[in-house]
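Subject: Structure handover

Hello,

Please find the structure below. My notes on it follow.

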Amino acid sequence: MKKILSHWSIAFLTLFILTYIGLQDPWVKEILRLKSFDYVLQNEVKTPSEAVSIVTIDEQAIEKHGQWPWKRDVLAQLILDLRNAQTGIIVMPLLFSEEDRMGGDEAFCEALTYGTVIAQTGTTQKTTSNAVPRGVAKIGDPLPYLFEWPGMVGPLPKLAECTAGVGVINTAPEIDGVVRRVPLLMKIGEEVYPNMAIETIRVAVGDPSYQVKADESGIIAMRVPAYATINTDTNARVWVRWNKEFKTISASADNFNELAGTTVIIAMTAEGLGGVIATPIGEQYDYVISAQTLQTILDGKTIKRYDSLVELLAGLLLGIAIILITRFLPYWVIGLSLIGIFGSGVYYFQYMFTTQLVLVDITWALLTFFIVGFHSTFNRFILEFRLKQQIKKQFEHYLDPRQVAALQKNPELLKLGGDRREMSYLFMDIIGFTPISEFYKNKDDPEGLVVLVNEFLDDMTNIILNNGGMVDKFMGDCIMAVFNAPIDMPNHAEMAVKSAMEIEAKTKELKQLYKERGLPDINVGTGVNTGTAIVGNMGSSTRFDFSVIGDAVNLAARLEATAGRGDFKDSPTLYSSYTMEQLDNIKSIEVDKIKVKGKEELITIYKPL
């Protein structure tokens, strides 16, 4: 039984159990996923909003206009003051479900006609009072996928008639009580109700209704007809981005001109009046949800979340990989794999959000990877410990202790060697590097020289790699590349010359850029040759490289030393007749016959036409 439990393959059982648990999406997995999402949501760079601003009913406003609730003609005057300041839509995420006992509804109703949106709210009580639904044109049937409330409390009917829009202010917290996604549409029975943010956009563009598209998996997208399509999740929710800071001014202010041209949200922030909601960036006033949701939609860059089965499959494949790694490779490789996979996962997670606004759940895949990895490593350690004890017991009386120790370690020796094959070789070097170096020396900026060279070599390396070549090594400002090794490439000569031509074109492009920077002129010489050489691991038993050696390689280096220099200054790309003979799609022109160092016969050299 002990042998079975410690066998290396038993880790597959752990892997399959974790994968099955992940498939059920338990609460612990959901919490881990959401907390990881909070990390990138919290760390988005915050910039000032140019579209949305806030007017707060704060302590100063209470002191100026008296205790809350105010007579509604005070709110009416606030709306008129904002309208006189040339603001956009005025949003009031406040519920006006009862008449103003102080008789200010008439003035308030008249003020609401000036492009305003007020609130209604879903309730857990199965009663609906003065709710204001909104028509929705449906493609498919989205209703089964919308969040549903038992009841809805809306504004007074006369206020609802005066205002341009009525939006729902409810949120939909996740399993941990934090609001990350907001439903743009919700329902009661067959009636659909819009969120405050999307209702504001509808009012702004003047559309009477919404359009929603759904299929058998849920809601795909929605839109206000005169506005861009909004990609939502299957329940019509959007992930809220928290990357904006809003210009805020007290309702007690005498002048609102600085808010001109923006959508204004009138919000409660006075102590004891404003509601507080948990968000990924901490507790926030409820109006912040409306503001950030509206800003997210206005920016047109909504966060995306794709199928979690792919992430589960990634965890399964990583688990299989670490089991095989721990079974067949040294411990240092295992350690590097654990560190490398973790680092790569975190980088990929951050990269996908930063560049594509895609939320990727790496938590379960990494958790699976580490648990299975440690299980596999522990099993291997137990097996090796037993084997070492067995070897010691069997040989301690027959061999020198040092030999026994060597047997226990069971080292694997790396073998050197290679094979002969035909390849194409490319050498590229910066011509006139000294003036560039002197330029940075005079500026006392050696780091700038390194940055320039790395930037230049990076562009050239990408060209070689994109054409299927292998960068053998960097030698200062020189690149040595090989085509047809280690991967077979039937048209290796053509791809090598193509790379040289692209290097020449890219250099011309960069010369103009460097000229604009005030840098010295930069040129390159590229030599290409085709022939047979030895390729393989070369070096010592402790340090080696995968490289090539042979006379054909040397000739390519000689051609590089000739290209772009002296009589061949106008020929930055040169290649031999051995290469030219294998070019099918590149026309060549003979340049000259030259004698290179180390060869007696003349070499015919060409350049691309």
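F147 stands opposite M186 in strand β9. This is a predicted model, in which local features need pLDDT of at least 70 and side-chain atom pairs count only at pLDDT 80 or more, while totals for chains, interfaces and linings use all residues. Residues are numbered from 1 along each chain as its sequence is written, and side-chain values use heavy atoms, with hydrogens and water left out.

Strands (E, at least two residues) and helices (H or I, at least four) are DSSP runs, numbered from the N terminus. Two strands count as paired if DSSP finds at least two bridges between them.

The β5-β9 pairing is parallel, with two bridges joining β5 to β9 (residues 185-188). Both belong to an open, mixed sheet of three strands, ordered β5-β9-β10. β5 (147-148) and β10 (191-194) are the edge strands; each has a single partner, so one side of each lacks a neighbour in the sheet.

Strand β1 (residues 47-57) runs parallel to β15 (residues 244-250), joined by six bridges, and T47 stands opposite K244 there. β1 also pairs in the parallel sense with β16 (residues 263-268), over six bridges; S53 has V264 as its bridge partner in β16.

In helix α6 (residues 105-112), D105, F108, C109, A111 and L112 are buried (under 20% relative accessible area; exposed is over 50%, partly exposed in between; 1.4 Å probe, protein chains only). They lie on the same side of α6 because they cover an arc of only 165° around the axis, taken from the directions from the helix axis to the C-beta atoms. E106 and E110, on the other side, are exposed.

Regards
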